[in-house]
Amino acid sequence: PDRIPLTDAEFAALNEMMASGKPIVIQNIDDNPRWRPSAPWLDWVRSLAAAPLFDESQLFGVLALFSERRNYFTDVHIELLEGFASQAATASRNARLFEAVSKSQRELRDLSTKIVEAQEEERRRISQELHDGVAQTLTGVIINIELLINEALARGQDPPPPRLREVAALSKQSLQQIRDLSHRLRPAILDELGLESTLHWFTGRFGRWSGIEVDLSTSGAGDH
């Protein structure tokens, strides 16, 4: 059975064990029928010994031994019972600590995953704003400067005002820098091609830019 109702004597034994921290030994339950176990399937019991299980100062269980013989338990039995009870309490405490640590580790992993996802989403947002906002505005500036240059050429100003050439060059340089920054934050091809293909693209681009030969080997990266 999952649950065994406790008698008044058993409650008293629990209180006594909590107060003393020592085992309870009943050598002959016939001398005091109140100590007879309340569960019907323990009718055969004639003597019993029980030791408390403590987690620090809190009682969380009882380790009990039963015998069909009267006056069965000796000092050796009680000493062994106390040793087993101490080991059982330690094992139970360690199991709870392990579960608490495992839970904390799972929560830490979940938190780390959420932080990485939040960072990734922030990079995506900033990259998108750079691409759709600043980069497009600069593109518009460059187009207008080139129109001014063409108009100047049409009016016979050849070469056109050097300031326009300088502003156009600076604007194109700024546009390229913003595009590079946007790619570094969150390359669009990461969503299009997946992680592994993006890594190959980046290392190839870095090799061409730096002149350094790069050999990339991936395992288990997949396309996610």
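This is a short tour of one predicted model, from the whole chain down to single residues.

Before selecting anything, note that residues are numbered from 1 along each chain as its sequence is written. In this predicted model, local features need pLDDT of at least 70, side-chain atom pairs count only at pLDDT 80 or more, totals for chains, interfaces and linings use all residues, and side-chain values use heavy atoms, with hydrogens and water left out.

**Whole chain.** Show the chain as a cartoon. The chain has five helices and three strands, in the order α-β-β-β-α-α-α-α from the N terminus. Helices (H or I, at least four residues) and strands (E, at least two) are DSSP runs, numbered from the N terminus. Now switch to the C-alpha trace, which spans about 125 × 35 × 30 Å along its principal axes. The radius of gyration, taken over C-alpha atoms, is 40 Å, whereas a compact globule of 224 residues would be near 17 Å. That globule rule is 2.2 Å times the number of residues to the power 0.38. Of the 224 residues, 24% count as buried. Buried means under 20% relative accessible area, exposed over 50%, and partly exposed in between (1.4 Å probe, protein chains only).

**Asn71.** Next, select Asn71, in the loop between β3 (58-67) and α2 (75-154). Its phi is near 55°, a positive value in a residue other than glycine. Asn71 counts as exposed because its relative accessible area is 56%.

**Ser182.** Move on to helix α3, where Ser182 is found. Ser182 counts as buried because its relative accessibility is 8%. Which residues does Ser182 contact, leaving aside its neighbours within four places in sequence? They are Ser127, Leu130, His131 and Pro187, where contact means heavy atoms within 4.5 Å.

**Second largest pocket.** Finally, select Asp180, His183, Arg184, Phe202, Arg205, Phe206 and Trp209, which line the second largest pocket. On a 1 Å grid over the protein atoms alone, a pocket is an open set of points where a 1.4 Å probe fits, with protein on both sides within 12 Å along at least five of seven lines; lining residues have an atom within 4 Å of a point. About 240 Å³ of space lies in this pocket, a volume being the space filled by probe spheres set on the points. Helices α3 (162-185) and α5 (195-210) each supply at least two lining residues, and the largest share, four residues, comes from α5. Colour the lining by type to find three nonpolar, one polar and three charged residues. Here Asp, Glu, Lys and Arg count as charged, Ala, Val, Leu, Ile, Met, Phe, Trp, Tyr, Cys and Pro as nonpolar, and the others, Gly among them, as polar.
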